[in-house]
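Biologist: Please take me through this model. I will ask what stands behind each label.

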Amino acid sequence: MTSPQQPPEPHSHAAGPDHGHGHSTGHATGHGHSHSHGPAAPVSQHLRKVIAAVLIPFATAVLVGLVVLWPGGTPAHERTGVGFDRQTEQGTVVSVEQVDCKDVNAAQVPPTGDTSTPQGREAVNAEQGQCEKATIEVTSGPEQGRTFTEIVQPDAPRQLHEGQGVVVAYAPDAPRDLQYSVTDVNRKLPLTLLAGIFAVAVVVVGRMKGVMALISLVASFLVLTFFILPAILQGSDPLVVAVVGSSAIMLIALYMCHGLSARTSVAVLGTLISLLLIGLLGSLFIDWASLTGNTDDNTGLIHGLYPEIDMSGLLLAGIIIGSLGVLDDVTVTQTSAVWELHQADPRMGPRALYRAGIRIGRDHIASVVNTLVLAYAGAALPLLLLFSIAQSSMGTVANSELVAEEIVRTLVGSIGLVASVPVTTVLAALVVSADRPGSDAAGQPRTAAVRGGRRRRAK
């Protein structure tokens, strides 16, 4: 019987050259990849060949997909001047002065004077209040130095102050006095500072691992910016683009952060299987629930500009990409747990390793699924508030396409996340227990792990 509770004696004869996890284990680690999670067990040539036989064709297929689908840039189009599809420049608020809203005709009071509606009441309040007249100077573009005025009503959500950086929209076809308008504030400094604090924290705590994590993060953004988004805009199937792009991100991130090792390869396989499951479930339920993916102004604008894009496919692509980051965390953690369990007791067979690993995985599932659901709920909180204000029933809320999209996104991603734990644990247990090195890193014969109190020679 397998006995995971009783580790081998440090000087047991059955342990052979590997007794006590001492010099021999450390030596094998030196031969392997010291940047992985702790000391890794040595891996046989046969096992490396099996893993390579699976991963090399997969990596080759991803590379071919990148080459075939590579877009070569975002396709050009004529600007509509709607939403984000506007020409923008940088500007600075030069001065702000208080003016009577009635004098600048800022309020749009209904001709009938009706104040029974929220719009009517806001208009009357604005007419009776004090507005701000801001003078804005354009600081970029061909008309740098040009100034224009912006009227800010007292109840406007965004107030301007002198010296503030702003983003201005430019409409060249409009009358000259109406060509520029403030569309947003400039947030580059606080966002850059926050990104710097994040990078420092990651490097200070993670050291070299943190550096590699940041590099892989940059690589992920590059794949997203220069491949996934332009390829979808050029008309390629969003699902195929998402699968190829996500696979490329997964290979880069996992191997860069955790090293080129059998342990990382098992995590890659677990992530790949889980992503395939998410893709299948997502495709089935998006079609079954008749989700179009065109639910707000932004998706409507995309569909208007590029009608050939499959919006439901774009929704599925978003589910796959959004699930990838959480899957990486789960599969790497599970693989590392199984590897460390095997290191702690080499006598544990695949069944015992799976049972011990899945106990760890259940705790991980409980926390990560809750995190995933709350993350989506937090993103959709304004929408949920609107339904609460309308006093809609739970069934009505869930049936609306806006909420149904989030439900499908959350549940499909969570199912893939839950499935990744047993899948990765099984793969890791089989791989680490099936390892039968004929010699250690120094070329000396090794004795294989003990199963059920019997010693087996390596084959």
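Biologist: What makes the span of helix 13 close to the expected one?

Modeller: Helix 13 has 34 residues and reaches 48 Å from its first C-alpha to its last, against 50 Å expected at 1.5 Å a residue. The expected span is 1.5 Å times one less than the number of residues. Helices here are DSSP runs of H or I with at least four residues, strands are runs of E with at least two, and both are numbered from the N terminus. The model is predicted: local features need pLDDT of at least 70 and side-chain atom pairs count only at pLDDT 80 or more, while totals for chains, interfaces and linings use all residues. Residues are numbered from 1 along each chain as its sequence is written, and side-chain values use heavy atoms, with hydrogens and water left out.

Biologist: Where is the kink in helix 13?

Modeller: At Ser-420, shortly before Pro-422, with an angle of about 25°. The bend at a residue is the angle between axes fitted to the seven residues ending there and the seven starting there. Helix 9 bends by about 35° at Leu-324. Helix 9 also has 34 residues, and its reach of 50 Å is close to the 50 Å expected.

Biologist: Why is Ala-337 called buried?

Modeller: Buried means under 20% relative accessible area, exposed over 50%, and partly exposed in between, with a 1.4 Å probe and protein chains only. Ala-337 has 13%, so it is buried. This residue lies in helix 9. Its C-alpha is 9.1 Å from that of Ala-428, which is 91 residues away in sequence.

Biologist: Why does Thr-271 count as buried, and what does its side chain make a polar contact with?

Modeller: Thr-271 has 0% relative accessibility, therefore it is buried. It belongs to helix 7. Its side chain makes a polar contact with the side chain of Thr-331 at 2.8 Å. A polar contact is a pair of N or O atoms within 3.5 Å; within protein, one must be able to donate a hydrogen and the other to accept it, and residues adjacent in sequence count only if both atoms are side-chain atoms. Leaving aside residues up to four places away in sequence, Thr-271 touches Met-250, Leu-254, Leu-324, Leu-327, Asp-328 and Thr-331. Contact means heavy atoms within 4.5 Å.

Biologist: What makes a set of residues a nonpolar core?

Modeller: They are buried Ala, Val, Leu, Ile, Met, Phe, Trp, Tyr and Cys residues joined through side-chain atoms within 4.5 Å. The largest such core has 61 residues, and Phe-58, Phe-227, Met-250 and Val-268 have the most contacts inside it. Its largest share, 11 residues, comes from helix 9. Val-268 touches, among others, Leu-55, Phe-58 and Met-250.

Biologist: Why is Arg-207 called exposed?

Modeller: Arg-207 has 65% relative accessibility, so it counts as exposed. It sits in the loop between helix 4 and helix 5, and its phi is positive, near 55°, in a residue other than glycine. Ser-290 is in the loop between helix 7 and helix 8 and has a positive phi of about 55°. With a relative accessible area of 54%, Ser-290 is therefore exposed.

Biologist: Which residues does UniProt place in the feature "transmembrane region"?

Modeller: The unreviewed entry lists several ranges, including 213-233 and 239-257. UniProt positions are given in the numbering used here, feature names are shortened, and annotations may be inferred rather than shown by experiment. In the model, residues 213-233 are 100% helix, with end C-alpha atoms 29 Å apart.
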